[in-house]
Protein chains: 2
Amino acid sequence: VSAAAYAFDADTRVEAVADHRFAAVITDRWNVLGGRPNGGYVLGVCLQALTRVMPLPDPLAVSAFFLRPTEPGPAEVGTAIVRSGRRISTGEARLYQDGKETLRVTAAFSDLRAAPGRTVVLAEKPALPPPQQAIDLMGDRVIPELTIAQRVEYRVAARPGWARGEPSGRPRQELWMRFRDGREPDLLSLASLVDAAAPPVLELGETGSATVELTVYLRAHPAPGWLACRVATRFVSGGYHEEVFEIWDSTGALVAQSRQLALLP
Amino acid sequence: VSAAAYAFDADTRVEAVADHRFAAVITDRWNVLGGRPNGGYVLGVCLQALTRVMPLPDPLAVSAFFLRPTEPGPAEVGTAIVRSGRRISTGEARLYQDGKETLRVTAAFSDLRAAPGRTVVLAEKPALPPPQQAIDLMGDRVIPELTIAQRVEYRVAARPGWARGEPSGRPRQELWMRFRDGREPDLLSLASLVDAAAPPVLELGETGSATVELTVYLRAHPAPGWLACRVATRFVSGGYHEEVFEIWDSTGALVAQSRQLALLP
């Protein structure tokens, strides 16, 4: 199977059109409720472009500001190297549609396989049943506009309150995730997947959430297999909420952690 | 007392030198161990410049990439409005010394006093004794190169392990903070203060930490008085660690939350 046969790779593909400039097509295959492309997916397109110009292989710290809605259709990504260092290099990507910037990304790149140093973990991995015993969150339901659920599979220990029409008041969730088409996770897709699950503010009776800023730290190359995830919101105020997301790989290593500030509708 | 009489305001002051460009002087009055200016303080200089050009008053989400060390001495800050919106406007600031960019800041601004919506808090504020009964972390010690400790006062329930030469292995701390000269907190200074305390990795026997990326979310205008803070690191790997910082004001409201990825020496 060639990489481009996987939906994530095909749909984040960029083509060089000029020095540091790339053409992309935002597809409608990663839409969330409301019919708009998932922000993490659009971020993935920018990171694909950045990996083409950065002198180091791995995204390490990524910050994305969502300036305007990005729509399915053609887009252009302009990139720039901000600083090229020995251990860390920093770059910038700007995604444009119809001449308007919709997403501004700044990212530090490194070589995580060459990173020295000890590992200290002071948190427990998600306490999920094995994926084979967990419940498919979507079940038999097909929500046509929620096309991201056709690309990503979600499994949970028990159906969340919001999915039963009974928001629990506890905006947190542990879940398994993987690509439905068998594509294994890598650093680039982790940076998208941190934004791929339902926002836990659904448990507060909210109906959705629009990301203002998303920061992702990539901590280690993930092993193949299911990803164990934990997502939580602790503070809602003034119409904004933060959301923290962790991804642990199939060997039990923490591989990505993100935080976003988002706006309630 | 005029604002410029307070150290934070005097030392983050910027002067317009051209359209969207400002001159600043990085002082040596906010140095950390190693004799370098604190990253949060340098970020404060960039935010002072941004507040001069943004059409909305309050920093809401701030991301800073530390590209090179910033040294005491003259600096220039270039700013740009990335997107001007009704509810949120986003800007960029770049700090230069000797023609080299040392700090890249992207920030979404809003008007937090006009922000509608409910408040939901699913976390406890720090469990500290009243400031009057807490211990001055610095005590009678003066560490000449640690000039930030002459600007910011830290009080704790008990002296941390690292300060007694016995790192506890638990990289977390609750503490009170305030400016020593009586300057009250505001959103701008909160964005600096999230980086003003000792890094909790000292409790793992580490000797310091250099920020790669720092994100701050400003959640509400702080009331005057002491700030109750909580800082923790949960994951160390490959020579990097994350650090999460919360600031609660004297009325018990969460006012700022930050996260940074930093490099161990």
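Predicted model: local features only at pLDDT ≥ 70, side-chain atom pairs only at ≥ 80, totals over all residues.

User: Which secondary structure elements does chain A have, and how compact is the chain?

Analyst: Start by counting elements: chain A has 3 helices and 15 strands. Then turn to the radius of gyration, which for chain A is 18 Å; the globule rule gives 18 Å for 265 residues, so chain A is as compact as a globular protein of that length. Along the principal axes, its C-alpha atoms fill a box of roughly 50 × 45 × 45 Å.

User: What share of the contacts joins residues at least 24 apart?

Analyst: Here we look at contacts in chain A between residues at least 6 apart in sequence, and 68% of them join residues at least 24 apart.

User: Let's zoom in on chain B. Is strand 15 buried or exposed?

Analyst: Strand 15 of chain B, residues 254-263, is mostly covered, with 10 of its 10 residues buried.

User: Which strands does strand 15 of chain B pair with?

Analyst: Look for bridges. Strand 11 (residues 210-218) of chain B runs antiparallel to strand 15 and is joined to it by 8 bridges; there, Glu213(B) stands opposite Leu261(B). Strand 14 (residues 240-248) of chain B also pairs with strand 15 in the antiparallel sense, over 9 bridges, and Val244(B) stands opposite Arg259(B).

User: What does Gly252(B) do in the hairpin?

Analyst: The hairpin of strands 14 and 15 of chain B has 5 residues between the strands, and Gly252(B) takes a positive phi near 90°.

Note on methods: Residues numbered from 1 in each chain as written. Chains lettered and ligands numbered in written order. Heavy atoms only, no water. Helix = DSSP H or I, 4+ residues; strand = E, 2+ residues; numbered from the N terminus. Rg over C-alpha atoms; globule rule 2.2 N^0.38 Å. Contact = heavy atoms within 4.5 Å. Buried < 20%, exposed > 50% of the residue type's maximum accessible area, 1.4 Å probe, protein only. Pairing = 2+ DSSP bridges.
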